[in-house]
Amino acid sequence: MAITESDVRHVAMLARLALTNEQVGTLTVELDSLLGHIDELRRLDLEGVEPTAHPLAMTNRTRADVVRPGLSREDALRNAPETDGTAFVVPAITGGEDAS
Amino acid sequence: MSTLDLSALSARQVRDGIVAGDHSAREVADAAYARVEALDDRVHAFLQLTPELAYEAADRVDAARAAGDPLPPLAGVPAGLKDNMNLIGTRTTCGSRMLENHESVYDCTAVRRLLDAGALPIGKCNMDEFAFGSSTENSAFGPTRNPWDLDRVPGGSSGGSAACVAAGMTSISLGSDTGGSIRQPGALTGTVALKPTYGRVSRYGIVAFGSSLDQIGPFGTSVEDVALALEAIAGEDPMDATSSPEPIAPYGSLLEGSVAGLRVGLVTDMLEMEGCGREIRASVAAAAETFASLGAEVGEVDLPSAKHGLSAYYVIGPAEASSNLARFDGIRYGLRVPDAEDVTDLYARSRAEGFGPETIRRIMLGTYALSAGYYDAYYGQAQKARTRIIEDFRSAFERFDVLLTPTTPEVAFPFGEKSDPFTMYLNDVYTIPVNLAGNCAISVPSGVCPGTGLPIGLQIIGDHFAEVTILRAAAAFEAATGFDPVPPTVRALA
């Protein structure tokens, strides 16, 4: 199978992890080894077996559609790295300064 | 200086002593913190101590007793809480730099219920970062040491929760178990450790790892204490739609009774797996004989698909974890790097800085397994293998009431011994299939290893919601073996 550094960089992009070159090198070796250990999965004959997403036979369970208390704004913002007191502050997402 | 020794008292005795007026809840809290003071600079079971909360709880218990009010079932019982469980008034770090300063803004249901039953929250327990690990070596704040041998790991990921009970700093504690993270440290520290059936205990307020696998459960020094703690925390919760409406039982009062006629299945093919220590095999075989001598009907059974559990788990667990940990993005909580160029840069650099190596490894593995082109080969196959494992357990429970395996293939190992990730993962080979199938299982000490004197754990597995059956079997086994749960570091204090 042989996972490559370019695979690792692609997955790191998907996972939003800014890895150093050194980390990419280490993870290439480690992931290749781990995937080797679990490669038996790909060879198992499981044709026709139903997949299990959840261990218990639970059907959709809904609660009554009634308003109930939730987190206050203050609590919701309490651990945020940056707020303006009413909302989370993030870097501009579209178009930079012209878009504001 | 306190005269109380928590190592000499069960949780029930702590409460009964308060009822009888032998000691106050305040004195119990004093005893807990005295033991922390004496040992925790070496053991490092706690990331944070919460004396304000503990003494507040103790004063409520003492005031209730003074007023002649009935005391709740865990009144004055000191408890440790794994640091992935939210409790207002504490930080909840998950053993990660990412959440180093995270203040809880709501309570985990299981924790709330434990405290409503009168328990004293002594502190928040160390753990492998985000519960990824089997040794606590992955904690960003340094490992916990095993009270049986300070040069060895206590197991993980709930290593702090196991160690604080083993060291007599608390009577009970809560941990969480996704692939063995309660039972494996239970086995390595000579404590009793229960993973309830998936859905038996609410997951609300625990920081999610693998949402189809995670369960909260208790540690104690006796089966009865674990049963009492389960009784306090179990049951449906409107805040967790996967918590089960299945009725709960008065677990702590149902332990008496004979195991004569109990159908006990020794899982032979798992016992013969490569890597299982000779002493461990001997201990489990002896446990089967003990059950036979108590009148149980002991037979042999195979779980042929369980050997694929580890592979299936190392796809499903990381896949679910990579989704759950996507929430740590430096926006709403957690670490945030300064001077980001744009929002993607902010996410990617904050995550790379906040997460440790094992967390990054799991996120990468899970993201890979879910990515285009690999989904069917890994995640799809793992889900089908999971079905096969569930079918194995189902047919085994048609013939048997409980199944016996070792909890771990070996006893507590020295720090640094398992630097290769997969070697570490192998420690959970016996516990993982139970999470995949959603069953309940308890680890109960079955003796110590000749030579090292380190504890060995027996895993007793039950069908879905058969907690009463496994607790009763564990209580009978405990009474027949007479394990002494006090480790040498504690003995040396006397």
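Author: Helices in this predicted model are DSSP runs of H or I with at least four residues, strands are runs of E with at least two, and both are numbered from the N terminus.

Reader: Fine. What pattern does chain A follow along the sequence?

Author: Chain A reads α-α-α-α. There are four helices and zero strands in chain A.

Reader: Is chain A compact or spread out?

Author: Chain A is more spread out than a compact globule, because its radius of gyration is 23 Å, well over the 13 Å that the globule rule gives for 100 residues. The C-alpha trace of chain A spans about 55 × 45 × 25 Å along its principal axes.

Reader: How many of its residues count as buried?

Author: 15% of the 100 residues of chain A.

Reader: What is the mean pLDDT of chain A?

Author: The mean is 90, and 93% of the residues of chain A reach 70 or more.

Reader: On to the partner. How many residues of chain B are in contact with chain A?

Author: 56 residues of chain B, which meet 41 residues of chain A.

Reader: Which helices of chain B supply that side?

Author: At least two residues each come from α10 (309-324), α11 (343-354), α12 (357-370), α13 (375-399) and α14 (421-425) of chain B. The largest share is that of α13(B), with twelve residues.

Reader: And how do the residues on that side of chain B divide into nonpolar, polar and charged?

Author: On the side of chain B that touches chain A, 29 are nonpolar, 17 polar and ten charged.

Reader: Changing topic: at what angle do α9 and α16 of chain B cross?

Author: At roughly 100 degrees, with the axes of α9 (residues 278-293) and α16 (residues 467-481) of chain B coming within 10 Å. That makes α9(B) roughly perpendicular to α16(B), since angles of 65 to 115 degrees count as such.

Reader: Which residues make the contact?

Author: From α9(B), Ala287(B), Thr290(B) and Phe291(B); from α16(B), Phe477(B), Ala480(B) and Thr481(B). Four of the residues in the contact of α9(B) with α16(B) are nonpolar, two are polar and none is charged.

Reader: What about α5 of chain B, how many of its residues are buried?

Author: Eight of its eight, so helix α5 (residues 159-166) of chain B is mostly covered, where buried takes 20 or more other C-beta atoms within 10 Å. Among them are Gly159(B), Cys164(B) and Val165(B). Just after α5(B), Gly168(B) has a positive phi of about 70 degrees.

Reader: Where is the cis peptide bond in chain B?

Author: Between Gly156(B) and Ser157(B), with omega about 5 degrees. Ser157(B) sits in the loop between β3 (120-125) and α5 of chain B. Most peptide bonds are trans, and most residues other than glycine have a negative phi.

Reader: Phi of Asp339(B), positive or negative?

Author: Positive, about 60 degrees, although Asp339(B) is not a glycine. Asp339(B) lies in the loop between α10 and α11 of chain B.

Reader: And Phe465(B), where is it placed?

Author: In the loop between β11 (455-462) and α16 of chain B. Phi of Phe465(B) is also positive, near 65 degrees.

Reader: Phe465(B) first, then Asp339(B): buried or exposed?

Author: Phe465(B) is buried, with 22 other C-beta atoms within 10 Å. Asp339(B) is exposed, with 8 other C-beta atoms within 10 Å.

Technical notes: Residues are numbered from 1 along each chain as its sequence is written. Chains are lettered from A and ligands numbered from 1 in the order in which they are written. This is a predicted model: local features need pLDDT of at least 70, side-chain atom pairs count only at pLDDT 80 or more; totals for chains, interfaces and linings use all residues. The radius of gyration is taken over C-alpha atoms; the globule rule is 2.2 Å times the number of residues to the power 0.38. A residue is buried if 20 or more other C-beta atoms lie within 10 Å of its own, exposed if 12 or fewer, and partly exposed in between; C-beta atoms are placed from the backbone. Two residues are in contact if their C-beta atoms, placed from the backbone, lie within 7 Å. Ala, Val, Leu, Ile, Met, Phe, Trp, Tyr, Cys and Pro count as nonpolar, Asp, Glu, Lys and Arg as charged, and the others, Gly among them, as polar. Axes are lines fitted to C-alpha atoms, for helices over the stretch in contact, and angles run from 0 to 180 degrees between N-to-C directions. Angles under 35 degrees count as roughly parallel, over 145 as roughly antiparallel, 65 to 115 as roughly perpendicular and the rest as oblique. pLDDT is the predictor's confidence in each residue, from 0 to 100.
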